[in-house]
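Come along and keep the model open beside you.

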Protein chains: 2
Amino acid sequence: MIRMASSDAREGVSLPPMTQVAAPKSPRRTPADKHDERRKALAESALRTLGELGYARASLREIANNSEFSHGVVHYYFSDKLELIVYCVRYYKQTCVHRYDGVVAEATSPDDLVVRFGDKLVETIVEEAPMHRLWYDLRSQSMFEESLREAVTQIDQSLEDMIARVVNRYAELAGTEPAIAAPVAYGMFDGIFQQALLGYLNGRDGALEGLRDQVVGLMPMLLARPAETTTSHAPGDLR
Amino acid sequence: MIRMASSDAREGVSLPPMTQVAAPKSPRRTPADKHDERRKALAESALRTLGELGYARASLREIANNSEFSHGVVHYYFSDKLELIVYCVRYYKQTCVHRYDGVVAEATSPDDLVVRFGDKLVETIVEEAPMHRLWYDLRSQSMFEESLREAVTQIDQSLEDMIARVVNRYAELAGTEPAIAAPVAYGMFDGIFQQALLGYLNGRDGALEGLRDQVVGLMPMLLARPAETTTSHAPGDLR
DNA sequence: CGCGAATCTTGACGACTGTCAAGATTTCTC
DNA sequence: GAGAAATCTTGACAGTCGTCAAGATTCGCG
């Protein structure tokens, strides 16, 4: 079975040719999904380089150098540089969409949720800043490169859903309903998150504390009127 | 006077060697600021190409081809590709920071301001989408490229000030004060603007109307409590 | 073991890039 | 109008890039 740069096998793993369903041995490690494990391994090292250099400056040779593979092997597992990068970002974002599931599940009160949410946002900037800037890089490129748009749109949608889960749970805990639609909520949080990320990378002091405070101040505003949380939102002067 | 790639002459025009201050002829067109006019002319054609291809894919040759100049002349007026691009974006954004000054000056009521503001946001997406995506491209690149950060930070600050003027005027017309700080307001609007731009470029129907509605729905929330504008913000379900 | 399929390495190709220098051309000044 | 300064063109250089093909190597199974 000759594998030529599997641009075909979309997301669904191409299964081995239907032998007995419950094979006695090798419950994992079927022949053909080793291919996928290699793709993932390659993606993981590629992500390090991509997060460091960005989409345009990360060459396939550089990506391969920072991994255990040689530069030619990339075209054995991916048809394109583009397919590799889309695969990488999809792979990362997939493990990232559920980052706040714990927050949603464990929060005991509206204020508790807000604090946990803000902390988590700050945490991910500190721990995964290169991944986040790579995502924003890719999304910006998709404004120029038609072929990136489908993947970006899908990821954006899943992030919007993620934010919606948080805000919905927040409203639920507060005994009311959100006052804004999901796209607005996502756009807002994405905006201030991006700002904080930029500030953090710039070494601006207070960028992270600022994000936390902004979240604490903003969330109560996203609820319909009936809810008056204890959180104080001091009507400050706008600069 | 040999001009070698004026990376020195920062922003201040290097004046001609002090002749009489009020020269009888040529009130404009002094010898040395023709140099600056050329820079601007070059920047303007470069912006077209940059807006079409983005930062990484726009080569100096391609930029020169879409202009009246040859590719070598770029290094006569700019020391770097980087300096050219930063100059271009600065040049564009400079004429762009005052886009909403008219809105601020002419609005007669809070609701009037909101509508004008929303319309103007939509208008600039339709008319200058390539410029906006170029800006987001550059800002993303600045997360990787140290040397871009200073310019990006300055531009971001001026955009924040621009938004602050709008929101402050809005609060003034409503007889109250903003409930959020300027960076938050900027981050929010920047987020939903970016989202709308992406949707517009994707050809998603309703992206622009969505932006307008979002602005109308969002602005009243940015005010301190005392103000109850007539604008209805229906507490919708969050998806 | 042995053979074929899968996997990986190596080296090269053509195209493109930013940069620069040498010289042609224009513009300005006296 | 001559000469000098400013401006622009042209062509080349040294790299780097994505891509691919040919061959070496490893793996899996009978």
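This is a predicted model: local features need pLDDT of at least 70, side-chain atom pairs count only at pLDDT 80 or more; totals for chains, interfaces and linings use all residues.

**Entry 1: A:M221.** I began with A:M221 and asked myself: is A:M221 buried, exposed or partly exposed? I found 15 other C-beta atoms within 10 Å of A:M221, so I wrote it down as partly exposed. A residue needs 20 or more such neighbours to count as buried and 12 or fewer to count as exposed, and 15 falls in between. As for its place, A:M221 sits in the segment after α9 of chain A. I also checked a distance: A:A182 is 39 residues from A:M221 in sequence, and their C-alpha atoms are 14 Å apart in space.

**Entry 2: B:Y200.** Next I went to chain B and picked B:Y200, which lies in helix α8 of that chain. B:Y200 counts as buried, because I found 20 C-beta neighbours inside 10 Å. Which residues does B:Y200 touch, not counting those up to four places away in sequence? I noted B:I125, B:A129, B:A207 and B:L208. I looked up B:A41 too: 159 residues separate it from B:Y200 along the chain, and the two C-alpha atoms are 29 Å apart.

**Entry 3: chain A as a whole.** I stepped back to see what chain A is built from. I counted nine helices and zero strands, so my sketch from the N terminus reads α-α-α-α-α-α-α-α-α. Of the 239 residues in chain A, 37% are buried. I then looked at contacts in chain A with a separation of 6 or more, and 62% of them join residues 24 or more positions apart.

**Entry 4: α8 against α9 in chain A.** Two packed helices are described by the angle between their axes and the distance between the axes, so I looked up both. Helix α8 (residues 182-201) and helix α9 (residues 207-218) of chain A pack at about 165°, with axes 8 Å apart. That angle makes α8(A) roughly antiparallel to α9(A). Their crossing is right-handed. From α8(A), I listed A:I192, A:F193, A:A196, A:G199 and A:Y200 in the contact, and from α9(A), A:A207, A:L208, A:G210, A:L211 and A:Q214. Sorting the residues of this contact by class gave me seven nonpolar, three polar and no charged.

**Entry 5: α6 against α9 in chain A.** I stayed with α9(A) and turned to helix α6 (residues 110-142) of chain A. The axes of α6(A) and α9(A) come within 9 Å and cross at roughly 150°. I therefore marked α6(A) as roughly antiparallel to α9(A). The crossing of α6(A) past α9(A) is right-handed. Which residues in α6(A) meet α9(A)? My list has A:V114, A:F117, A:G118, A:D119, A:L121, A:V122 and A:I125, and in α9(A) they meet A:L208, A:L211, A:R212, A:V215 and A:V216.

**Entry 6: chain A and chain B together.** How do the two copies relate? I found that a rotation of 180°, with 0.0 Å of shift along its axis, superposes chain B on chain A with an RMSD of 0.0 Å. The two copies are thus related as by a two-fold rotation axis. Both copies use the same surface, and 100% of the contact residues of chain B recur in chain A.

**Entry 7: the side of chain B that touches chain A.** I noted 45 residues of chain B in contact with 46 residues of chain A. On the chain B side, at least two residues each come from α1 (34-57), α6 (110-142), α7 (149-173), α8 (182-201) and α9 (207-218). Which helix supplies the largest share? It is α8(B), with 12 residues. I sorted this side of chain B into 24 nonpolar, 14 polar and seven charged residues.

**Entry 8: α8 meets α8.** My last stop was the pair α8(A) and α8(B). Their axes come within 7 Å and cross at roughly 120°, and the two helices are therefore oblique to each other. I wrote down a right-handed crossing for α8(A) and α8(B). In α8(A), the residues A:P183, A:V184, A:G187, A:M188, A:D190, A:G191, A:I192 and A:Q195 meet B:P183, B:V184, B:G187, B:M188, B:D190, B:G191, B:I192 and B:Q195 in α8(B). By class, the contact of α8(A) with α8(B) has eight nonpolar, six polar and two charged residues.

Methods:
Residues are numbered from 1 along each chain as its sequence is written. Chains are lettered from A and ligands numbered from 1 in the order in which they are written. Copies are superposed by least squares on the C-alpha atoms of residues with pLDDT of at least 70 in both. Two residues are in contact if their C-beta atoms, placed from the backbone, lie within 7 Å. Helices (H or I, at least four residues) and strands (E, at least two) are DSSP runs, numbered from the N terminus. Ala, Val, Leu, Ile, Met, Phe, Trp, Tyr, Cys and Pro count as nonpolar, Asp, Glu, Lys and Arg as charged, and the others, Gly among them, as polar. Axes are lines fitted to C-alpha atoms, for helices over the stretch in contact, and angles run from 0 to 180 degrees between N-to-C directions. Angles under 35 degrees count as roughly parallel, over 145 as roughly antiparallel, 65 to 115 as roughly perpendicular and the rest as oblique. A crossing is left-handed if the near helix is turned anticlockwise from the far one by less than a right angle, and right-handed if clockwise.
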